[in-house]
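Welcome! Here is a short tour for anyone meeting this structure for the first time. Take a look at the model, then read on.

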Amino acid sequence: MISRTLMAATALALICASALPLAAKNTAILIGIGEYPHIPADKQLDAPVTDALAMRDFLISENWFAESEIVTLLNSAASADRIAQEIVVAAKASEPGDKILIYFSGHGGRIEDKSGDETDGFDEFFYASDFNAPKAETEGRVFPGLILDYWMAEILDSLEGRDVTVIVAACHAGTSTRGLFDEEPGTHARGLSLVPAHDISRDRVQTARETSFVERKGGAHKVWAAAAPEQYAWESNGRGIFTTLFIEGLKQRKAATNGNGIITSAELLDHTRSGAEAFCSQSRKCSKSGSGFTPGYEGAPDDVVLTYVSGAGQ
């Protein structure tokens, strides 16, 4: 079994030993995956690429990141190895005071934790574009293309003094949506159940793919999640609901409640939650799921997300 100490050492070794060229110190890594060549056609997603590009435009327009500081990985470009590589490069290049933002839009999943070290009893993961269960079964090794919840947690906790934000526009409910009012076209949940629990054990996982964007173990990084772990994140008519609410809450100042020139994390969370609740009440698929749709935030409620000139952009 791979210990937490060994995983931390591995993550730090990857950062220190990487021979890749340095990225900009401020780095945003935007991942949007709607096309998965090795999963069923009815599980493909419409919105992740649009979501990632919308996030990119927002970051540039609000001067959060320069265009040269943004890495955008879409569909086939977002393999597990490429995602891990870009995160390692960003971590290696960063120094205290630098900004790192990681955004993921696509399918997620969760399975029962067999090692006993997860407080919620589950391991969470994302599907990279190169996920291929049949190939893994044939070769007798861990599924390629999974972004697991160990390696990234260790890297994030090593980035002391950096301003790290993680935005997860995916869910980890781990069940398919087939049968949830198929007559509601254009509305999909982002969750799959293609990986049986026994196939992800700590002693078999390939270290290069032990990556998570969501686990926050005492670090100072901030994490936005489209939905709670047991819920679905939803998209409709080519748009991710959470990403749309997140961006409009800031860009259009819809999350501003008092016109004081500041939007806090609590205000933005309220905006995304009220919008998600409204969507779910109007969507038969979301209502039928029975689990709700509740965006979350890990960080201080008074974190300043955006400052603006009062009266502008509204």
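Predicted model: local features only at pLDDT ≥ 70, side-chain atom pairs only at ≥ 80, totals over all residues.

## The chain as a whole

The chain has 314 residues, and 55% of them count as buried. Contacts also reach across the sequence: among those between residues at least 6 apart, 77% join residues at least 24 apart.

## Helix α6 and its two partners

How many of the residues of α6 are buried? Nine of the 11 are, so this helix is largely enclosed by the rest of the structure. The buried residues are I241, F242, T243, L245, F246, I247, E248, G249 and L250. Just after the helix, R253 takes a positive phi of about 60°.

Two helices that meet α6 are α2 and α7. Two packed helices are described by the angle between their axes and the distance between the axes. The table sets out those values for each pair.

| Helix pair | Axes come within | Crossing angle | Handedness of crossing |
|---|---|---|---|
| α6 and α7 | 9 Å | roughly 140° | right-handed |

Let us take α2 and α6 first. From α2, the residues D51, A54, M55, F58 and S61 take part, and they meet T243, F246, I247, L250 and K251 of α6. Sorted by class, this contact has six nonpolar, two polar and two charged residues.

Now for α6 and α7. Here the axes cross at roughly 140°, which makes α6 oblique to α7. On the α6 side the contact involves I241, F242, L245, F246, E248, G249 and L250, while α7 brings L268, H271, T272, G275, A276 and F279. By class, there are eight nonpolar, four polar and one charged residues in this contact.

## Two histidines

One of the α7 residues that meet α6 is H271. Helix α7 spans residues 265–282, and H271 lies in it. Is H271 buried or exposed? Its relative accessible area is 12%, so H271 is buried, the cut-off being under 20%. Leaving out residues up to four places away in sequence, H271 touches L245, E248, G249, K254 and A255.

Because its relative accessibility is 41%, H38 counts as partly exposed. Which residues does H38 contact, apart from its neighbours within four places in sequence? They are D130, F131 and N132. H38 and F131 are 93 residues apart along the chain, and their C-alpha atoms are separated by 6.6 Å.

## A disulfide

A disulfide is a covalent bond between the sulfur atoms of two cysteines. This structure holds one disulfide. The partners are C280 and C286, and their sulfur atoms are 2.0 Å apart. The torsion about the S-S bond is about -95°, so the disulfide is left-handed. Both C280 and C286 are buried.

## Two asparagines with positive phi

Most residues other than glycine have a negative phi. N63, which is not a glycine, has a positive phi of about 60°. You will find N63 in the loop between α2 and β2 (70–74). Why does N63 count as exposed? Its relative accessibility is 67%, and exposed means over 50%, so N63 falls in that class.

N237 also has a positive phi, near 55°. This residue belongs to the loop between β10 (234–236) and β11 (239–240). With a relative accessible area of 63%, N237 is exposed.

Terms used:
Residues numbered from 1 in each chain as written. Heavy atoms only, no water. Buried < 20%, exposed > 50% of the residue type's maximum accessible area, 1.4 Å probe, protein only. Contact = heavy atoms within 4.5 Å. Helix = DSSP H or I, 4+ residues; strand = E, 2+ residues; numbered from the N terminus. Nonpolar A, V, L, I, M, F, W, Y, C, P; charged D, E, K, R; others polar. Disulfide = S-S within 2.5 Å. Axes fitted to C-alpha atoms, helices over the stretch in contact; angles between N-to-C directions. Parallel < 35°, antiparallel > 145°, perpendicular 65-115°, else oblique. Left-handed = near helix turned anticlockwise from the far one by under 90°.
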